[in-house]
Amino acid sequence: MLSGNCHESRNRVGGASERESVCPRCNDRGGRRWNALDPSSQFPFSNDDAQVSQEADQFSGIEQRSREVIVVKDSCDINVTSTETQVAVSLQAALQVAIALVVNLTIADSNQAEKVTQDLLQFSRIEQVNRQSVYIENSRDVDIQMTDTDIAVSLQLMLQLLLALLVQIDVF
Amino acid sequence: MGDLNNKLTELSRSLVGLHVKDVLNKNTKDNNNSKLRSLSDEEKEQLRKIFNDLQDQVNSFVKQTKQETEDTEAADNQAGRTRTTLRDLMQKKKNQEK
């Protein structure tokens with residue numbers, strides 16, 4: 001019975017000797033599968049023939065930030081840099097609350113206030129939701145940079161909305 | 001580019017202002033009794049303070065995001081790093097084997 005990892009089952013195929021290196025699933029005759037945690041393992045498409053890492057510590061981590069998930073498995077030397085998504089989400093929430101507050105302060109009828117708030121926020125809502133997952137497995141020397149450019153635009157738009165509202169009610 | 005950016009910002013501000021005015025008018029003219037409540041000076045001052053705080057935080061966040069993007073690009077250029085996709089590497093290896 002073949003396991004999930006095709007190279008592990010190599011030795012059981014057709015009664016071949018342990019030195020048989022043909023994999024029945026992928027026909028790989030290379031004999032060695034790339035292993036990011038093995039310092040002597042060389043990436044098949046590497047430009048550097050002398051690639052040897054002396055610090056192949058196993059690292060597995062899961063980090064969840066708001067709507068993003070980063071999973072790092074069986075890898076080493078992974079560098080993840082991310083901007084402050086949590087700050088961006090908090091700012092967005094604060095702006096929405098501020099707009100709702102101003103509308104409720106100025107319109108006595110709560111149903112009408114609710115409708116006005118929804119109309120205003122719907123206009124500014126940017127539908128593109130940044131919901132991305134990054135999954136890194138069996139990798140080495142990977143740099144990941146995640147930025148929040150889209151949310152910056154949304155924040156600026158909501159700020160303009162709040163300012164326009166305040167101008168209408170003679171605060172500014 | 002900076003001038004264009006300013007013009008676009010001004011345009012966006014005008015459009016947003018127009019939209020807010022329109023929404024408020026639509027929702028307050030149906031019922032004659034419902035009109036915008038006047039705020040006291042103290043309330044107005046508080047709202048001004050809240051807005052200024054939010055504006056500072058948003059500007060600081062946008063500036064930080066922009067700075068980080070620029071720093072990364074500068075670091076990449078300095079290291080002389082070129083983007084090489086897996087597809088490029090595979091093609092190169094195929095060419096070498098030929």
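Mentor: Gladly; we will go from confidence to the fold of one chain and then to the interface. Keep in mind that this is a predicted model.

Trainee: Which scores does the predictor give the complex?

Mentor: For the complex, the predictor reports an ipTM of 0.71 and a pTM of 0.56. There is also a score for each residue, the pLDDT, which runs from 0 to 100. In chain B the average pLDDT is 80, and 82% of the residues score at least 70.

Trainee: How many helices and strands does chain A have?

Mentor: Chain A has three helices and four strands. Read from the N terminus, their order is β-β-α-α-β-β-α.

Trainee: What share of the residues in chain A is buried?

Mentor: A residue is called buried if 20 or more other C-beta atoms lie within 10 Å of its own. By that count, 19% of the 172 residues in chain A are buried. For contacts with a separation of 6 or more in chain A, 51% join residues 24 or more positions apart.

Trainee: Now the interface: how many residues of chain A are in contact with chain B?

Mentor: Contact here means C-beta atoms within 7 Å. On that basis, 40 residues of chain A meet 34 residues of chain B. The elements giving two or more residues to chain A's side are helices H1 (85-106), H2 (110-124) and H3 (149-168).

Trainee: Which element gives the most to that side?

Mentor: H3(A) does, with 14 residues. By residue type, chain A's side divides into 27 nonpolar, nine polar and four charged residues.

Note on methods:
Residues are numbered from 1 along each chain as its sequence is written. Chains are lettered from A and ligands numbered from 1 in the order in which they are written. This is a predicted model: local features need pLDDT of at least 70, side-chain atom pairs count only at pLDDT 80 or more; totals for chains, interfaces and linings use all residues. Two residues are in contact if their C-beta atoms, placed from the backbone, lie within 7 Å. Ala, Val, Leu, Ile, Met, Phe, Trp, Tyr, Cys and Pro count as nonpolar, Asp, Glu, Lys and Arg as charged, and the others, Gly among them, as polar. pLDDT is the predictor's confidence in each residue, from 0 to 100. A residue is buried if 20 or more other C-beta atoms lie within 10 Å of its own, exposed if 12 or fewer, and partly exposed in between; C-beta atoms are placed from the backbone.
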